[in-house]
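Me: I'm new to reading protein models and would like a close look at one part of this one. Could you pick a single stretch and walk me through it in plain words?

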Amino acid sequence: MKTSHIVRYLIFITLGVLVLLFKKYYSGPYAELFYCYGSNFSISFAIYYIARLGLRYLPSPKLLSVAGSLLVVELFELTNGLGVMSNVYDPWDYLANTLGITLAFGIDMLLKEPPQE
């Protein structure tokens, strides 16, 4: 995998984390909705790219990244933060997680696939 692709993934991971960190400052349209579900969406987006980095040499890395990241974020919701963080259960979080991963996967599908080494 080219260094440029790794840098791209790191940029997307950073973007997801930054949205999480600065969501409380957002005051535009749908601010309440963004405040409630922006964390789920942005972290799920970032976790997809973390999975892409870790699974890049396996067969079907994009599909494994979708499956792995969905498993991680949905188990996090199901187990109330894996007992590590406090988490308020909200069934809409599952949708926000799925949409974050779907966006990440969609972007990944649009971008040129790096050649296998």
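Predicted model: local features only at pLDDT ≥ 70, side-chain atom pairs only at ≥ 80, totals over all residues.

Reply: Happy to! Residues are numbered from 1 along each chain as its sequence is written, and side-chain values use heavy atoms, with hydrogens and water left out.

Let's look at helix α2. Helix α2 covers residues 31-54, 24 residues in all, and reaches 33 Å from its first C-alpha to its last, close to the 34 Å expected. That expected span is 1.5 Å times one less than the number of residues. Helix α2 also bends by about 55° at Tyr37, where the bend is the angle between axes fitted to the seven residues ending there and the seven starting there.

Next, find Ser44, which sits in helix α2. Ser44 is buried, with a relative accessible area of 1%; buried means under 20%, exposed over 50%, and partly exposed in between (1.4 Å probe, protein chains only). Its side chain is joined to that of Asn97 by a polar contact of 3.1 Å. Such a contact is a pair of N or O atoms within 3.5 Å; within protein, one must be able to donate a hydrogen and the other to accept it, and residues adjacent in sequence count only if both atoms are side-chain atoms.

Further along is a charged pair: Arg52 forms a salt bridge with Asp108, and their closest N and O atoms are 2.6 Å apart. This pair links distant parts of the chain, with Arg52 in helix α2 and Asp108 in helix α4 (residues 92-110), 56 residues apart. The rule asks for a side-chain nitrogen of Lys or Arg within 4 Å of a carboxyl oxygen of Asp or Glu, and by it the count comes to 1 salt bridge. Both Arg52 and Asp108 are buried.

Finally, the largest nonpolar core has 12 residues, including Phe45, Tyr48, Tyr49 and Leu53. The largest share of this core, 5 residues, comes from α2. A nonpolar core is a set of buried Ala, Val, Leu, Ile, Met, Phe, Trp, Tyr and Cys residues joined through side-chain atoms within 4.5 Å.

Notes. Helix = DSSP H or I, 4+ residues; strand = E, 2+ residues; numbered from the N terminus.
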